[in-house]
Amino acid sequence: MRLTNAEQQATPRSGAPIPTTSRPSHWRPDIEGLRALAVGAVIASHIGFFYSEGGFVGVDVFFVISGFLITSLLLREIDRTGRVSITGFYARRAVRLLPAAAVVLAATLAAAWIWLPRTRLPGIATDAAAAALNVINIRLAREGTEYLNADAVPSPLQHFWSLAVEEQFYIFWPLLLLAVALVARRVWGGRFAPGDQLRRRRTAAIAVVLTAIGAASLYLSATQSGPDPVWSYFGIHTRAWELAAGGGVAVAAAHLKRLPAWAAAVGSWAGLGLIVASVFLIDERTTFPGTAAALPVAGTALVIAAGCAPHRFGATMILGIAPAQYVGKISYGLYLWHWPLVMIGPAMLGVEEPRLRHYLVLMAAAFLLAVATFHIVEHPIRTRKNLVQVPSRALAMGGGLITGALALSILASLQPMPAASNEEAAEITGDDATVWDLLDESSDVDTVPANLTPALEDAKLDEPALYDDGCVVERDDPDVDEDCWYGDPDGDKTLVLFGDSHAAQWFPAVNQLAEAAGWRLLAMTKANCSVPDVREYDPKLEREYTECPEWKDGVYDLLDDVKPDAVVAATYDDKEVMADDPDEAWTDGWVDSVERLEESAGEVYYLADSPDLGEDVPDCLAENPQDASTCVGDLDDAVIEPDRREDTEAAVADTGARVVDPIPWMCDVDEGTCPVVVGNLLVYRDSNHLAARFVAELAPQLAAAIPLEPAESQ
């Protein structure tokens, strides 16, 4: 993320020395101060510091700074040599960025192995590999669009996404500048002196290319951030314009030097004001980057542009103070260290619910680690002459660090789960022992059984076949998949499973019912899409979930044609309803939807919601293999929105639909507990989704509650 002012010097040709001057003649204290402001804003946002929710815009400040410094560096080299040394450019990037990043990656993997649940280690190891290869932004975007990861804890390496965006931009930007330089020399070089019109026309051509990239990326940011917020947040396609904005200031730097001193001073203060304002005006509800990112981007560009002209009384009066200069100098390491400490630090301190004071202690540790990293790793390596004077050596070092990080990632991913018990629990077979038989005694289970099914490391994978078959429609897709047929393909009666992932989780048992009765089963499920007719806010899309009602309308039309004999409808109760009285709207919405289903179906079953334990169960068991009872849920807390649930059950029953309460099938109602291991079966694959293998064993209970008349062929 951080680029030193030394990076503003020209890149030498391949094999030529890489400059190592610690403070070049064009030193910019305002830029160093901007780095301090940016990293401080990011940290404040991540630790929940007062009124700083929008501090994540500090990343956008970094993007503009990076675009300015790198483009300035490349332009100076082109002016001096007429070309760009690609090997020299990447050699300097390797020397500058990789050593500290490799140290943080290794330390984070070690800390995760020691302090985090072992179930999380494979995912973090994959994140480390993606970070080393500068593709973690793509991984995070893909993971973020997966509905089953909605309640997953953020990766301690998530912040590497911004480094990946920068490196992806710099894969093609030096090559484009080199191409422009070569074309300019070929077209105009023979007619004009290299230092005169050629330079001006070449600069104009670069400006055109930069403007085209920036305009296209800004358009995508403005149009895609709403419909596709996850990919837009992490993607290079919606962030390139921010780096291009900094590059644009670099292209215009020669003209900006002629700004009047008063205009430069006013511009720098105005820019600083825009950055600070964005921290307080932008929050998690803001569609971002979108057009909102223009606020911190424009502010940063103004400060940098103003700094191109000599002036007094500008924002450097604040940005140039000694503490800001030092924080700016170590900001790269501070950025790298802070987030792993935010995510792993509370476990290191033994704090379950960290408060601001705990985070302040952790950020003090991050500061000390950043200081040590700068003076022990960053500065010594970038000034080591026998390394940096030959780009091939620097590139070899970079390749070695990346290879080492990948090796550590593979090693971490192969670490076994901690042994829980050598004893095996009674296997749920449906004959000798059933879930119902063992439920009452399951809250007192002390150890995780050796034959736990699924094993903790495989818990996330124990999901219904609907997901592999593509029959849980993604959030941004309003289309109905009419090919999701299961059960008995020759059946003359039809059962429909309808709802969100809390409906999809029942598929293993519902499918057994359909097959046993000789019914066809049509699965109509969509990520996070509630059955009740309500206006719903989707936290992933960061807007009203308009695709949900559009999809449901398509389902209703399909059911009008299919005319099912029965519909089983289920939904997660903890949804954000956009209404003055959300609970009343939720209940009324259920009634409206059930009545609409009754127009097509012979019978409608409202399958009430299953418990939400509020904590990832496999992670909890991995942390407490010898005390599994620690992870047992409290029934009163596990029933989400109890008032909403009670009112809805009563209102739906009044419509003539049948209400099915599954709570007694998985919780000890008398004791008020919800076990997490029953016999040898894991009950939950995360905090609120039931494991598929466990659900399959609930088929007898479901069959008693939803009796399907056997088809005539039976």
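## Exercises on a predicted model

E441 is exposed, because its relative accessible area is 52% (exposed means over 50%, buried under 20%, partly exposed in between, with a 1.4 Å probe and protein chains only). The model is predicted: local features need pLDDT of at least 70, side-chain atom pairs count only at pLDDT 80 or more, and totals for chains, interfaces and linings use all residues. Residues are numbered from 1 along each chain as its sequence is written, and side-chain values use heavy atoms, leaving out hydrogens and water.

**Exercise 1.** Find where E441 lies.

*Solution.* Start with the loop between helix 19 (435-438) and helix 20 (465-468), which holds E441 (helices are DSSP runs of H or I, at least four residues, numbered from the N terminus). Then look across to P675: the two C-alpha atoms are 8.8 Å apart, although 234 residues separate E441 and P675 along the chain.

**Exercise 2.** Describe the largest nonpolar core.

*Solution.* First, the term: such a core is a set of buried Ala, Val, Leu, Ile, Met, Phe, Trp, Tyr and Cys residues joined through side-chain atoms within 4.5 Å. The largest one has 106 residues, and I136, F160 and W173 have the most contacts inside it. Next, helix 2 (residues 58-81) gives this core its largest share, 13 residues. Finally, a separate second core of 67 residues includes L495, V639, M666 and F694.

**Exercise 3.** List what W173 contacts beyond its neighbours within four places in sequence.

*Solution.* Taking contact as heavy atoms within 4.5 Å, W173 meets T71, L74, I206, V209, L210 and I213.

Technical notes: Helices (H or I, at least four residues) and strands (E, at least two) are DSSP runs, numbered from the N terminus.
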